[in-house]
Amino acid sequence: MPKTRSSRRVLRLAIALAALAFESSALAGAVGQVVTQNLCSISGPSGQRDRPIEPMPPPASALAIGCEVLDPALGCGADSPLKLRVQFDGPPDSKARLALGNSEALQLELPRTVRREGDSLVVHPGVSVIGGFRGGTSPAPLLTPTIDVPRSWLSQVNKLLPSTAPGRVTLAIDQFVDTTLARRFVYTYIYEPCIKALVVQDRIQVEANSSTRKAIALIDGQRVADCVTNEMGFGTSVVGVGNMVPPVDDCRPSRATVFSANNAIEYRSEIDPEWTGSPTDLRSAPLDALLAQPVKVWLLYDACFNANPALARQCFCAEEAYASLPACIPGDPVCTVNPGACTLDALRRVGPRLLMNKARTLYREQFAGISFAEQFVDLSQIDDTDLTPLGAAVRAARVVPGCKTDPDAGATLPLLNNVKNLAEPSAPTNRLDVFMVRSAAANGVWCGIKPEGANVIVLDAAYRAITLAHEFGHAFFNSGQQISNHVVTGANGSYATNLMQALDTDDGERLTLGQLFRATVDDGSSINRHNVRPGESTENCLEFDPTDKCPPAWCDIKRDDDTTLVGRPKCAPLP
Amino acid sequence: VRAASLILSMVLVPLTIAVPTRAEVRPDPDRLAGAQRALVAWYDCIECVNFELESLLLYSDLIEGALISTLNNGLSPVRRAEIQAGLRKGYRPTPDRDVSVDEYVAFFTSNADASYRKRAATALGRLRTPSASVALRIAAHNPDLRADVRAAALEALAAR
């Protein structure tokens, strides 16, 4: 149905351009982060703790001072004077401490309301304007805020019921060049009342937890007065769940999902045997080893990072069909055949391993319960002297149009499959194949826009640290939904550091429990398509919204030893 | 003389009206902000499936200089600092290779820098202006640039 696709593309373009036009009247570069902290370390409703609380920890990443785009014609040159307008909305006697990095050469102009303490600026509630910055200072000054609020105010917040509005402090940092707002960053600090622990009555026994960290149990089921959905409990070996009773009507069936630091996610689509009216039920949840997603990484091109560019591997005239271009002159640096120049480079071919290591640690730290069983094959040293069919296939596959559109994927997949079929004629179908090429028209792309591409990921030579982990996310979270995988998680400021945001900023590493549930349980996930957890229950989840059986994708809560969580702390709807 | 004056005035007056003063050609601040935002969105998108390039080209009258600057200089200091801060925070030692945090940051900063330059090259290829063409030709022959960046510049020229 090309006509339909074309119409959709035109419609999407029109919507995107209309949105852009609308946004043009809004602030430039407004982004934000939400940092949350529960107040279990001061006396709360349960009254069990009473010790000093640390200042609100710094946000996920530092804020750099300067213009993202340096061009005087666009309003900001390297020497353009730049001022910070800091608006701190917090309770009386609170302080925002702005730790400065790369600030040695700065001569700051401080108002009387701002005090300098060593390498930090201390700001009190209200508006402060700090001068002395430039648009393009190199290295750019870095600013990392922490918040300190009075203990008396925290105690008041902690007396609030968890269902009421939490304590909230905001720190808005605007960067002005003349009177033009160049960047805006808003930190929102949320102080959550300490969640009152459930009375330990019925329990889930978490068996074979290979981590000392607390597991998280997501509970659906019936209590005497309530039908509970996506309620969360914690425990290393035992999770108390209150008195669960046999469910009635729409509350059927009782379910539990257990997330942990070093085991597979355990999903029980029905509690068996069912909870009873007794408050001493014990249901065991033995945890399995991490699921191992099979992956094969095909290195077809190596950018060959080297601090000395002269030693970096060059491209080849013949392979890239530049012979007709005026620039392609024998001996020209662009066309030098120099594949051996990388062999002594300490970092040669390390990129694939760094990417896999990053993906492995990132998913483990987020309690995904997923690891990877990877293989590597290096075809990057094939040059234009290799006249074998495989050599020709590799050269042809180094520049592909990518998989952003159906026609692109239609052109890309045969080139990549040709390499795979020649190099590994009986390749298994139950794995993800990652092809690292010179140009893929994107830093990375998952080819699931076509069903036959659901196991294919393409990475451009300019991949970023989290690009492969992000593309794995597309293969895990509702196959076929590449674009909308980005939308909700990236559209709300609370999710600015989610791995699946559409921007490659090298610090988006968060995954929600709702996303992780889909990675393991959704029947479209590569984990289930590849039969990595045979015989286990699967569900057909919606992309983001909850269903009777799946939590919403935004559902999340702090992991036990995390000091901060960027995102909403509870399984609650987006604001 | 009158006839000549009349003809001259017929030519010059419309020209005078048509050529605005320097103050009048100052771009709309909202458009400047929109251009900046579109540039950042284009540089940082992963798959770029949301028409980031098409959106950027709506500002083709404003972005040539910024794109050439990025092609030549790579990451702006502020983006470099933020990317490196994110990389340092996300670094974990590799189990099988001893890659230090500094090597890790340098490796992925090189890729981010290359990514920005390649995106700038692609956009310049779509601008199709004489200055863009010159910048791409220079970049294609610049031995200080990574091979994949030079190739991207060549491809942008070829795509014109």
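Residues are numbered from 1 along each chain as its sequence is written, chains are lettered from A and ligands numbered from 1 in the order in which they are written, and side-chain values use heavy atoms, with hydrogens and water left out. Because the model is predicted, local features need pLDDT of at least 70 and side-chain atom pairs count only at pLDDT 80 or more, whereas totals for chains, interfaces and linings use all residues.

**Figure 1. Overall composition of chains A and B.** Helices (H or I, at least four residues) and strands (E, at least two) are DSSP runs numbered from the N terminus. Of the 575 residues in chain A, 55% are buried; for the 160 residues of chain B the value is 54%. Buried means under 20% relative accessible area, exposed over 50% and partly exposed in between (1.4 Å probe, protein chains only). Among the contacts (heavy atoms within 4.5 Å) in chain A with a separation of 6 or more, 67% link residues 24 or more positions apart. In chain B, 69% of the contacts between residues at least 6 apart in sequence join residues at least 24 apart.

**Figure 2. Packing of helices α6 and α8 of chain B.** The axes of α6(B), residues 101-127, and α8(B), residues 147-158, come within 8 Å and cross at roughly 10°. Axes are lines fitted to C-alpha atoms, for helices over the stretch in contact, and angles run from 0 to 180 degrees between N-to-C directions. The two helices are therefore roughly parallel to each other (angles under 35 degrees; over 145 is roughly antiparallel, 65 to 115 roughly perpendicular and the rest oblique). From α6(B), the contact involves B:Ala114, B:Arg117, B:Lys118, B:Ala121, B:Thr122 and B:Gly125; from α8(B), B:Asp148, B:Val149, B:Ala152, B:Ala153 and B:Ala156. By class, six of these residues are nonpolar, two polar and three charged. Ala, Val, Leu, Ile, Met, Phe, Trp, Tyr, Cys and Pro count as nonpolar, Asp, Glu, Lys and Arg as charged, and the others, Gly among them, as polar.

**Figure 3. Surroundings of helix α4 of chain B.** In α4(B), residues 64-73, the buried residues are B:Ala66, B:Leu67, B:Ile68, B:Thr70 and B:Leu71. Their cover includes α2 (29-44), α3 (52-56), α6 and α7 (130-140) of chain B. B:Gly74, with a positive phi near 80°, follows the helix.

Figure 4. A:Asp71 is located in the loop between β2 (63-64) and β3 (81-89) of chain A. This residue counts as buried, at 9% relative accessibility. Not counting residues up to four places away in sequence, A:Asp71 touches A:Cys76 and A:Gly77, and also B:Leu62, B:Gly65 and B:Ala66. The C-alpha atoms of A:Asp71 and A:Gly135 are separated by 9.6 Å, although the two residues are 64 apart along the chain.
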